[in-house]
Amino acid sequence: MDTFINQALLKPLELLGLQVLNVLPNVLAMGIILLGGLFTAWASGSFVERLLRVIGFDRLCDRLGMNAALLRGGVKTDPSRLVGRSIYWTVLVLASIAALGALNLTPINQFAQSLLAYVPHLVTAAVILLAGYFLSNFVSRAVLIAAVNAGLPPARLIATCSRWGVQALAGAMALEQLGIAQHIVVVGFGITWGGIVLAAAIAFGLGATDLAKGFLERRLVGRSKPGAVDDLHHL
Amino acid sequence: MNTSLTPLTAATETRLEEVNSTEILVGIPSYNNADTVGHVVRAVSVGLAKHFPGCRAVLVNSDGGSSDGTPAIVARTAVDFQYLFIGDQQSILHRIVTPYHGIPGKGSAFRTIFEIARRLKARACAVVDADLRSISPEWIELLLRPIMEEGYDYVAPYYLRHKYDGTITNSLAYPLTRALYGQRIRQPIGGEFGFSGALAAHYLDQHVWESEVARFGIDIWMTTEAIASGARVCQSFLGAKIHNPKDPAADLSGMLMQVMGALFALMEQHEDLWSRQEGSRPVPLFGFPYEVGVEPVHVNMERMVSHFRQGLTDLEPIWRQILTDDTFTQLRDTQGTSGDDCRIPDELWVRIVYDAATAYRNRIMPRDHLLKALTPLYLGRTASFVHATQGLTSTEAEQKIEALCHTFERMKPYLIEHWQPTPPQSIAPAPLHHMTIDVGGDHGYLH
């Protein structure tokens, strides 16, 4: 009877106890890493948020049209807080991965390593998207003003096209960086742009022959329609 | 003080050594002006021989790389004084024909002229455009004599122009300069100026030669800098100004950007000066004013109004950033609905200019974008002015401009209120003193 109790009941419990004792330091380490990560995430997020407020990051974003874009997208949080929260969550996710690694379980370790290896690509893609966004705003505003000053009726359409063109380019570059369907993105982008340019050329050639002729005459020969412009001396 | 020398070509350096020094220097900036530059050179030569026969004089042509032989014409143009009743020409006129360095533009051409004036220790200088058709020898006397004999440092031109000629001057440069700095200089961006050698040296010492000043901004910069430095300023009546027509396809937007950019940048720089200035006072006028017929100017109202209306629709988000809500609402509400009807009243135009200046100062967007986005507004205002002055004589149109100037002055508190959170205390305008050269300090050359 004693043997049965020892073999059938106590032995598994002893093994379980040993296993728990083996894992306990790892679990403890995971908890400590998680707590430390939580604190670091909170501290770094708050610090960056305050720093950005001090250096006037919100005003800069306002000038660049970021705030308006965020509002259009239903985001009412200011950019400094957004960046602060992003840093908070980034640090927390990294800390969580590190904490899982502390358990020293092979599948989790492999997952954590592949995730960490992907982080630089994610960061690069995010930077590309952000830069593309700012550039598209700048370009579209410059194009809009130039088109209005040139008296081109579809000024807003041209500006919108330039905005989406730059953003699409940035998106394609970001996807390529992430390794998502690289060839499809490049080929798709080429086909789309080639198609647009060809369509525009055909449309201009067939539908706006006189306009093209007038434009070339003004540019190359210096002829213009009498009375088309005034002879004001502005200065 | 920046005493670095503006680079000159080796040939020019040699010529400077030959000439050594001069009393008078007349500069002609040029770029492809073969049609008119010969006449300008003759007028300058005769003017110097007739009115300053005993003075050493130099004519400097600062050329921007003309391809039509402009510099060669300047070098070989001769004058037969025999038929001009000039018998006592005592000194020959030296000519220096030189290309200029730096950003292509009138300002860079002037910089080279200033440098040569400094090297030759010129006492009095004048600059005249190379595209003038109406310049006469008397212009040279009128631009130089106030400096040579009356102790002035800066002579601005005073022309008779068609009521629609010089619209940037009439709607912006003159009223704004007058309201800000308190001096009624009617043609602050005229193109022809007289100035002392000391003032030329002061101009050279400013770090502005890579900015809009290097292009069309040079004229307003020279005038404002002369006022701000405490120089004695006057005007000379030159009669009608007729010059070769500009390229009709010339970029108005770029021209406006350069002038407005220089005006607003100067506002930032001289904030202490203009925020204390109240009202304005007349500036002495030399010469004999007379009436003269001026060339008619054709105006395409429909095109200007069309540009403005498109701006109101397409640039609305940008204008909303530049203008206050109240100003934008007024702008939208005061528009006519049909044809070439466009009415931007004086008060609204002044608010637009003051709002734009404040937005420029606060850098609410890239400054190039801000300035270029104002082009349709300027065209709308020009159309409004044309609308309001159709059928009026030049004198009556001038009264309208005078009324606009009063509005600019009356609404200056609006600018000060928006420019800075707490308006400064009202102080009487600081008296202008005649200058002496400060040889020891870096700050302020005029005392």
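What percentage of the 235 residues of chain A count as buried? In this predicted model, the figure for chain A is 15%. The secondary structure of chain A consists of eight helices and zero strands. Read from the N terminus, its elements follow the order α-α-α-α-α-α-α-α. As for contacts in chain A with a separation of 6 or more, 64% are accounted for by residues 24 or more positions apart.

Chain B may be described in the corresponding terms. It has 447 residues, of which 50% count as buried. Its secondary structure comprises 18 helices and 10 strands. Where contacts in chain B link residues at least 6 apart in sequence, 85% of them join residues at least 24 apart.

One pair of helices in chain B can be followed in detail. Helix 6 of chain B spans residues 167-181, and helix 9 of chain B spans residues 252-269. Their axes come within 12 Å and cross at roughly 5°. Because angles under 35 degrees count as roughly parallel, helix 6 of chain B is described as roughly parallel to helix 9 of chain B. On the side of helix 6 of chain B, the contact is formed by I168(B), A173(B), L176(B) and L180(B). Helix 9 of chain B contributes L256(B), V259(B), L263(B) and M267(B). Classified by residue type, the contact between helix 6 of chain B and helix 9 of chain B contains eight nonpolar residues, with no polar and no charged residues.

Definitions and conventions: Residues numbered from 1 in each chain as written. Chains lettered and ligands numbered in written order. Predicted model: local features only at pLDDT ≥ 70, side-chain atom pairs only at ≥ 80, totals over all residues. Axes fitted to C-alpha atoms, helices over the stretch in contact; angles between N-to-C directions. Helix = DSSP H or I, 4+ residues; strand = E, 2+ residues; numbered from the N terminus. Parallel < 35°, antiparallel > 145°, perpendicular 65-115°, else oblique. Contact = placed C-beta atoms within 7 Å. Nonpolar A, V, L, I, M, F, W, Y, C, P; charged D, E, K, R; others polar. Buried ≥ 20, exposed ≤ 12 C-beta atoms within 10 Å, placed from the backbone.
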